[in-house]
Amino acid sequence: MWLWLWLLLLAAQLAALHGSSALQQTPGEKVAQTNTVVSLACEAKTSQSTRIYWLRQRQPPSTDNHYEFLAVGDPTKTVYGKDVEQERLNVSQVATKSVLTLGSVQPADSGVYFCMTIGTPELTFGKGTQLTVVDVLPTTAKPTTKSTPKKIRCRPPSPVTRTGPPCGPLTLGLLVTGAVILLVSLGVAIHLYCQRRRARIRFMKQ
């Protein structure tokens, strides 16, 4: 059994890994947080049911970058790879669609996951799913918005309220005329007073 799987993996490494449209694998890329559940799907675009295998290529810093056989769905049971933690990995297949579920993912689970079918004689691969497991999900930076400077509106100066009468030429003329009349009246009154006093003095001398 394991010799057959070893030959299968060797053939997978030697095959040209170009994604085929015959296997539709989703999603193409996945970023997951530690201890969450991740599901990957693969559907064969064929009219008949076919067994779908799942492989993984680990990414740096892991030094083991060969293609690791994970599991293959079967109507009666699931066949797992040699060092696969079966309590965290599950494969279910209905007709031509297979779903790989990873529970409580860890950073060591990061890598590229491929689905594969075995034909006669070729191997067909999905386009792969890049899985990255991190402790903290990256946050999306808010786009910086340029602040629009506020327009300064110039207000016209408020009119000064005048409390006195308007100082126009007509007003000044009236004031001058009034002053002249007052002075003339005062002069006439003084002149009449002086004449009366002189007349009284003459009358007393007589």
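This is a predicted model: local features need pLDDT of at least 70, side-chain atom pairs count only at pLDDT 80 or more; totals for chains, interfaces and linings use all residues.
Residues are numbered from 1 along each chain as its sequence is written, and side-chain values use heavy atoms, with hydrogens and water left out.

As for confidence, pLDDT (the predictor's confidence in each residue, from 0 to 100) averages 77 over the chain, and 66% of the residues score at least 70.

On to the rings: the structure has three aromatic pairs, counted when the ring centres of Phe, Tyr and Trp (its six-membered ring) lie within 6.5 Å, with planes under 30 degrees apart called stacked, over 60 edge-to-face and the rest tilted. One of them joins Tyr53 and Phe69, a tilted pair with 6.3 Å centre to centre and 55° between the planes. Tyr53 sits in strand β4 (residues 53-58) and Phe69 in strand β5 (residues 67-72), so this pair ties together parts 16 residues apart in sequence; strands (E, at least two residues) are DSSP runs numbered from the N terminus. Phe69 is buried at 5% relative accessible area. Tyr67 and Phe114 pair up edge-to-face, at 5.9 Å centre to centre and 65° between the planes. Together with Phe125, Tyr67 and Phe114 make one aromatic cluster.

There is also one disulfide (a pair of cysteine sulfur atoms within 2.5 Å). Cys42 and Cys115 form it, with their sulfur atoms 2.1 Å apart, and both cysteines are buried.

Key: Buried means under 20% relative accessible area, exposed over 50%, partly exposed in between (1.4 Å probe, protein chains only). Helices (H or I, at least four residues) and strands (E, at least two) are DSSP runs, numbered from the N terminus.
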